[in-house]
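This briefing concerns a single protein chain, whose sequence and structure are shown below. The points that follow are grouped by topic.

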Amino acid sequence: MTKLDEAAVEVKAAVVSVPAASAARETLEGMLVAPQGKFTITDNYSLNNYGEVGLAVGEKTLVQPTAVGQVGSAAHAAQVAENAAKGIKLDDGASTNFLNAAGSSVPLPWLSAATPMRLGSTSEFIAPVILTTATTPTSSSRWRHSRPPMQAPCSQ
């Protein structure tokens with residue numbers, strides 16, 4: 001490793017809208033981004049376990065594909081595609097399991113009396129995040145915004 005003689009220039013976040021196409025998202029992977037626009041809380045199931053909140057681009061929650069059509073139908077497939085285009089996860093960037101003994105005393109990220117994570121609540125990013133892909137078999141192919149430590153990237 002080489003020590004620099006001068007400090008490196010600070011990395012600036014790319015100001016972007018979240019792309020719908022996975023190929024366009026791929027171009028932003030690993031980058032510091034400042035997502036623009038409104039986001040709607042569409043899933044808070046994993047907040048208490050992994051510190052992540054499901055967001056939908058825009059002002060509506062994602063729709064369960066089986067609510068619009070049977071598995072295998074065109075309506076079902078269209079909803080799956082729409083959810084993939086609009087859905088992202090805001091991850092706290094830590095590996096803490098908040099449900100086990102060691103993690104149970106750690107405050108949950110994103111959550112306070114002033115910022116409840118209710119489904120249907122809208123939010124905006126107020127700090128940059130790093131765009132990464134989901135890498136576990138159970139996390140599907142949705143994208144995740146992982147925050148740098150000690151920043152609260154969203155406001156309600």
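In this predicted model, helix α3 has His-76, Gln-79 and Asn-83 as its buried residues. Seen down the helix axis, these buried residues fall within an arc of 65°, so they line one face of α3.

**Helix α3**
- The buried residues of α3 pack against strand β5.
- Helix α3 covers residues 74–86, 13 residues in total. From first to last C-alpha it reaches 18 Å, close to the 18 Å expected at 1.5 Å a residue.

**Overall architecture**
- The chain contains three helices and nine strands, and along the sequence they follow the pattern β-α-β-β-α-β-α-β-β-β-β-β.
- Of the chain's 156 residues, 33% count as buried.
- The accessible surface comes to about 9,500 Å², and carbon and sulfur atoms account for 57% of that area.
- Considering contacts between residues at least 6 apart in sequence, 60% join residues at least 24 apart.

**Nonpolar core**
- The largest nonpolar core comprises 16 residues, and Val-53, Leu-55 and Phe-125 have the most contacts inside it.
- At least two residues of this core come from each of β3 (39–43), β4 (52–57), β5 (87–91) and β7 (129–133).
- Beyond its neighbours within four places in sequence, Leu-55 is in contact with Phe-39, Thr-40, Ile-41, Thr-42, Lys-86, Gly-87, Ile-88, Leu-90 and Phe-125.

- Ser-46 lies in the loop between β3 and α2 (47–50).
- Because its relative accessible area is 13%, Ser-46 is classed as buried, the cut-off being under 20%.
- Not counting residues up to four places away in sequence, Ser-46 touches Gly-51 and Glu-52.
- Ser-46 and Phe-98 are 52 residues apart along the chain, and their C-alpha atoms are separated by 9.8 Å.

**Confidence**
- The chain has a mean pLDDT of 82, with 85% of its residues at 70 or more.
- Residues 136–141 have a pLDDT below 50, and this stretch makes three contacts in the model beyond near neighbours in sequence.
- The pLDDT is also below 50 over residues 148–152, a stretch with nine contacts in the model beyond near neighbours in sequence.
- Where pLDDT is low, the predicted coordinates should not be read in detail.

Methods. Residues are numbered from 1 along each chain as its sequence is written. This is a predicted model: local features need pLDDT of at least 70, side-chain atom pairs count only at pLDDT 80 or more; totals for chains, interfaces and linings use all residues. Side-chain values use heavy atoms; hydrogens and water are left out. pLDDT is the predictor's confidence in each residue, from 0 to 100. Contact means heavy atoms within 4.5 Å. A nonpolar core is a set of buried Ala, Val, Leu, Ile, Met, Phe, Trp, Tyr and Cys residues joined through side-chain atoms within 4.5 Å. Buried means under 20% relative accessible area, exposed over 50%, partly exposed in between (1.4 Å probe, protein chains only). Helices (H or I, at least four residues) and strands (E, at least two) are DSSP runs, numbered from the N terminus. The expected span of a helix is 1.5 Å times one less than its number of residues. The arc is that of the directions from the helix axis to the C-beta atoms. Accessible areas come from the Shrake-Rupley method with a 1.4 Å probe; for residues, only the protein chains shown count as cover.
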